[in-house]
Amino acid sequence: GGRFGDGARIGDRARIGEWASIGAGASIGADARIGAGACIGAGASIGAGARIGAGVSIGATACIGAGARIGDGVSIGEWASIGASALIGKSADYLCLGPIGSRDDHLTVTFLPTVQYNTGCFQGSRKEFVEAVAKTHAGSAHGKAYVAVIALVDALAAIRANGEPTT
């Protein structure tokens, strides 16, 4: 069995691996699997059906979407928001930065299976994110910051497409 902090909630049929640690107030969704020796930070949320590999570290208040797959030994930082069905095989498969935007929130970008942007209540593709930024923040300092992030993500995605390491 694992170790469980005060107020940790474990969903139906979830499995927690040996020596895993679930932080205070963390929530593990139904049918989720937490690998041996994984550490789930305080207040983190793991969605239904998510698979967290052995030795993974999930930071405090991070959110892992339903059905996401996090590979063995990966570290996900505090405040990261990994979308539903994302595939994180190694720590370089996502980018989290912030605070950014009008709400001073964190933006998390996942690269697999496709590039997805996640911040606050927004989750979507590059095209959807560009449209949302143009509609909500056109010409503002927040919009310019988001445009810079989009350019960075585009560059990283191009490097990945060429098979070059990004770590």
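## Aromatic pairs

Let's start with the rings: this predicted model has three aromatic pairs (Phe, Tyr or Trp rings, the six-membered one for Trp, with centres within 6.5 Å; planes under 30 degrees apart are stacked, over 60 edge-to-face, the rest tilted). Y117 and F129 make a stacked pair, 4.4 Å centre to centre with 10° between the planes. That pair links distant parts of the chain, 12 residues apart: Y117 sits in strand 18 (residues 116–119) and F129 in helix 1. Helices (H or I, at least four residues) and strands (E, at least two) are DSSP runs, numbered from the N terminus.

How far apart are the ring centres of F122 and F129? They are 5.5 Å apart, and with the planes at 55° the pair is tilted. Ring pairs join Y117, F122, F129 and Y146 into a cluster.

Y117 has a relative accessible area of 0%, so it is buried (under 20%; exposed is over 50%, partly exposed in between, using a 1.4 Å probe and protein chains only). F129 is buried too, at 3%, while F122 is partly exposed at 22%.

## A charge over a ring

Over at F111, the charged end of R160 sits over the ring, 4.1 Å from its centre (the rule: NZ of Lys or CZ of Arg within 6 Å of the ring centre and within 35 degrees of the ring normal).

## How to read the values

Local features need pLDDT of at least 70 and side-chain atom pairs 80 or more, while totals for chains, interfaces and linings use all residues. Residues are numbered from 1 along each chain as its sequence is written, and side-chain values use heavy atoms, leaving out hydrogens and water.
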